[in-house]
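Here is a short tour of a protein model, written to be read with the structure open beside you. Take a moment to look it over before reading on.

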Amino acid sequence: MTRGELAQWLVAGLLRPAPPDLPQATALAMAAGMGWIPGTWTVAGTEEAAGGSAEPAGEPVTRRDLAAVAAAVLRNDAAPEQPGPGPSTQAPAAPPAPEGRFAPGLGPENALGREAATPAPLVETMAWFLRLLEATGRLFHGEGVVTAVDPAGGRVWVTQGQLRWVLAIAGDAAFYLNGRRAPLEALQPGDEVRWCAGEGGNTAVPGGAGV
């Protein structure tokens, strides 16, 4: 995976509402503007960046790159609102990365050792990205507690605080119970669930909002 492709992933996965498909140059500029990637990644070709050597956007993403991006995303995501009449110029400290948050070998840079400059395989990058989305609360669209299940009708009733949802289940939806694939019938009232909304997720159904 190249740095430009990673920028496209970051913009599509972290921004809400998600933007439409963007060219790599636009995604790089947006990701750099959000502080997720170094600004030098937007330098194209072999021209030298200001104050240093060029870092073409087409270069493969390394484990060091992923560690730096994760730290930047989590730091920006956890930054508290600044009190007072004007914004503070002091950058917030990066939060520690809990064990198991990222795929093996993609933790803090000082733990990467000699593999830091090694291009990250796609399968590791995918696992890293999913963990990053989960760590920032963007992997799922909602969570709550099951109150009723209608497997035949493809409906699951869920409470989410003061909200009540009726999840309209797509025929090809995949369910996982404690990490294992399971049928809809395995859900029981009282189970805690998280879900991802598909196309048409705001369509109303009897008894609540559809997902």
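The sections below go from the overall layout to a helix pair and then to a strand.

## Overall layout

Please keep in mind that this is a predicted model. The protein has 4 helices and 8 strands, and from the N terminus on they run α-α-α-α-β-β-β-β-β-β-β-β.

Of the 211 residues, 29% count as buried. The protein exposes about 12,700 Å², with carbon and sulfur atoms supplying 55% of that area. Among contacts with a separation of 6 or more, 59% come from residues 24 or more positions apart.

## Two helices side by side

Have a look at helix α3 (residues 63-77) and helix α4 (residues 122-135): their axes come within 11 Å and cross at roughly 10°. Angles under 35 degrees count as roughly parallel, so α3 and α4 are roughly parallel to each other.

On the α3 side, the contact is made by Arg-63, Leu-66, Val-69, Ala-70, Val-73 and Leu-74. Helix α4 contributes Glu-124, Thr-125, Trp-128, Leu-132 and Ala-135.

Strand β6 pairs with strand β1 (residues 142-150) in the antiparallel sense, over 4 bridges. Val-193 of β6 is the bridge partner of Gly-144.

How values were computed
Residues numbered from 1 in each chain as written. Predicted model: local features only at pLDDT ≥ 70, side-chain atom pairs only at ≥ 80, totals over all residues. Heavy atoms only, no water. Pairing = 2+ DSSP bridges. Axes fitted to C-alpha atoms, helices over the stretch in contact; angles between N-to-C directions. Parallel < 35°, antiparallel > 145°, perpendicular 65-115°, else oblique. Contact = heavy atoms within 4.5 Å. Buried < 20%, exposed > 50% of the residue type's maximum accessible area, 1.4 Å probe, protein only. Areas by Shrake-Rupley, 256 points an atom, 1.4 Å probe, with all protein chains shown as cover.
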